[in-house]
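The tour below goes from one selection to the next.

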Amino acid sequence: MAADDSAAQSGNDPVRLSAWVHGYVQGVGFRWWTRSRALELGLTGHATNAADGRVHVVAEGPRRAAAELLALLRSPAAPGRVDLVVENWEPARGGLQGFVER
């Protein structure tokens, strides 16, 4: 699928969101908060601390729900201080169960 086709996708089409969250996001409950929001939205995946201080969030589910999670990651409601979120969208791969903190 070309990048231009993404706007034509239905909000219910399954996608995989991969988001690298930069800022002060470790040791502040960010992964727990992300897990709670993702479960409320019906998404599966994980939030993982990276050695360089970022948090990597992988979420699968309906595009609309994943986009809402992305907006929440960038919102002032997120714990700590989010300076930048770099996201990548792919077709859903499956194989994820629940939403876990790593």
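How many residues apart are Arg 37 and Glu 40 in helix α1? Keep the question in mind while you select these two residues. The model is predicted, and its helix α1 covers residues 30-40. Arg 37 and Glu 40 are 3 residues apart in that helix, which puts about one helical turn between them. Now look at the side chains: Arg 37 and Glu 40 form a salt bridge, with 2.9 Å between the closest N and O atoms. Arg 37 is buried, at 18% relative accessible area, because the cut-off for buried is under 20%.

Next, select Arg 16 and Glu 60. Their side chains also form a salt bridge, and here the closest N and O atoms are 2.6 Å apart. Arg 16 belongs to strand β1 (residues 14-24) and Glu 60 to strand β3 (residues 55-62), so this pair ties together parts that are 44 residues apart in sequence. Are these two residues buried or exposed? Arg 16 is buried, with a relative accessible area of 11%. Glu 60 is buried as well, at 6%.

For the last stop, select Glu 90 and Arg 93. A salt bridge joins their side chains, at 2.7 Å from N to O. With the surface on, Arg 93 counts as exposed, at 56% relative accessibility. Glu 90 is partly exposed, with a relative accessible area of 23%.

The structure holds 6 salt bridges, including the pairs visited here.

Methods:
Residues are numbered from 1 along each chain as its sequence is written. This is a predicted model: local features need pLDDT of at least 70, side-chain atom pairs count only at pLDDT 80 or more; totals for chains, interfaces and linings use all residues. Side-chain values use heavy atoms; hydrogens and water are left out. A salt bridge is a side-chain nitrogen of Lys or Arg within 4 Å of a carboxyl oxygen of Asp or Glu. Helices (H or I, at least four residues) and strands (E, at least two) are DSSP runs, numbered from the N terminus. Buried means under 20% relative accessible area, exposed over 50%, partly exposed in between (1.4 Å probe, protein chains only).
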